[in-house]
Amino acid sequence: MEANVSRTGTEGKTWGGGSQPLNASYGKMMMWFFIVSDALTFSGFIAAYGFSRFKFIDAWPIADEVFTHVPFLHGVPAPMYYVAFMTFVLIFSSVTMVLAVDAGHKMQKNKVIWYMFFTIIGGAIFVGSQAWEWATFIKGDYGAVETKGGKIIQFLNTEGERVAIADFASNIPSERTTHERRNGVWYDADGAALSSFSLAEVTAGFKANDNLLIRTQYLDDNGHPTVLSRAASIAKLENDGKLVVEGANLKHNEYGHPLFADFFFFITGFHGFHVFSGVVINCIIFFNVIIGTYEKRKSYEMVEKVGLYWHFVDLVWVFVFTFFYLV
Amino acid sequence: MGHEHKLEIFRGLIKFKNNITKIWGVFVLLSIITIIEVYVGITKPEFMTESRFLAMKLINWFFIILTLVKAYYITWDFMHMRDETKGLRRAVVWTAIFLICYLILILLIEGDYIYEVYKNNYVKFDF
């Protein structure tokens, strides 16, 4: 060796080789760089959300009116409380995670076990809450009508309160059947399930109740959706109405622009998937701690690495919470 | 892999006795920020929704700045970025911040442009 290698004059300097300039193990550094790339993926999603929102800035749903439900409190409008609860659960599980890392540094096996256990429970509560949130969002609330132009119109009474279509739609006996592929052209996939009321029933019920108005998804100067006059409402429903929408999916969204639902599913879904995989990885590490793998290794650095990932999931949620629910 | 932690936050204004009290202190800080955010988000004070700054409502700036504060403390204290070397910290933080700011800037400008095109052209979209 000595014959081949000339001296470079950088021996003993930080980047001269033979030292660890970043003072981090390979695994930990790679976890950090994975986190950077994953953060960029999430920013891609959130920036795309911002793009679409700026594109339809005058017609974007107001999150406060969309996420108003809390489990076991049916019919009590409580905007944001449940998401705030979810945020706390996640922050708290981050705290127990960092406490586990701290206990790991001190080689306190039992403390690590307990703190990891609470972290996993917190993660499970969060994923469960998100599933509930999704279910509520998909099921829908008041129902709405989609126009020919793909815009959503919603129903209000003259006091300005939202009215569910089930409360005013009249029952017109008629035969409605779900479209099936075998009865139609092959490329026309099986249609979505029938809405509980047809457009004709909603229109008839709307005309029969004089105290009903329509609001469009376009926001006025104060940021509230525009409410049409009674005459304009009837004209709008009759001329433009096309489809009764209940709940939300990737194509239709009773709360407003379909892109809102798409981004909701993609961003919270991608984040929820991260939480889920975080819980799985936490479980693996948890059992490794129990069987004493890291005790034998005399280092709990694996707990630290999985902790980094877990905190990152929390970090992403902080941004999702802001951009989806607050802003 | 030093186990020593820097125990000061707020540039040394608060110094914790040990790492565990620091964790709880940061938790309290994050909780307070979240409670403020939720409170403002529900009450929506008028002076914040009425006034604008740089094409955005004041309330949205408020939320975004508080979010960045929270992100800072999660990264610095929960992820122990405070205890890492300068090189690792800059490699991670500056790369991400630069790329994210660039992406957001360019996409939001583009989105706003398309909004103007939709609004000012001669095709009817509301039907």
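A crossing of two helices is left-handed if the near helix is turned anticlockwise from the far one by less than a right angle, and right-handed if clockwise. Helices here are DSSP runs of H or I, at least four residues, numbered from the N terminus.

Some ground rules. This is a predicted model, where local features need pLDDT of at least 70, side-chain atom pairs count only at pLDDT 80 or more, and totals for chains, interfaces and linings use all residues. Residues are numbered from 1 along each chain as its sequence is written, chains are lettered from A and ligands numbered from 1 in the order in which they are written, and side-chain values use heavy atoms, leaving out hydrogens and water.

Start in chain B. Helix α1(B), residues 19-43, passes α3(B) in a left-handed crossing. Their axes are 10 Å apart, at an angle of about 165 degrees. Axes are lines fitted to C-alpha atoms, for helices over the stretch in contact, and angles run from 0 to 180 degrees between N-to-C directions. So α1(B) is roughly antiparallel to α3(B); that term takes angles over 145 degrees. Who touches whom? Contact means heavy atoms within 4.5 Å. From α1(B) come residues including I23(B), F27(B) and L30(B), and from α3(B) residues including F62(B), L66(B) and Y73(B). By class, this contact has 16 nonpolar, three polar and four charged residues. Nonpolar means Ala, Val, Leu, Ile, Met, Phe, Trp, Tyr, Cys and Pro; charged means Asp, Glu, Lys and Arg; the others, Gly among them, are polar.

Now across the chains. Helix α10(A), residues 301-326, and α3(B), residues 58-78, have axes that come within 10 Å and cross at roughly 175 degrees. That makes this pair roughly antiparallel too. Among the α10(A) residues in the contact are L315(A), F319(A) and F323(A); α3(B) brings, among them, F63(B), A71(B) and F78(B).

Next, inside chain A. α4(A), residues 109-139, and α8(A), residues 258-290, pack at about 160 degrees, axes 9 Å apart. The crossing is left-handed. This contact has 23 nonpolar, eight polar and two charged residues.

Last, the domains of chain B. An automatic or database assignment sets the bounds: domain 1 is 1-83, domain 2 is 85-127. Their C-alpha centres lie 24 Å apart. How much area do they bury between them? About 340 Å², 69% of it on carbon and sulfur atoms. Buried area is the accessible area (1.4 Å probe) that two parts lose on being put together, summed over both. W76(B), M81(B) and D83(B) supply 89% of domain 1's share.

Conventions
Helix = DSSP H or I, 4+ residues; strand = E, 2+ residues; numbered from the N terminus. Parallel < 35°, antiparallel > 145°, perpendicular 65-115°, else oblique.
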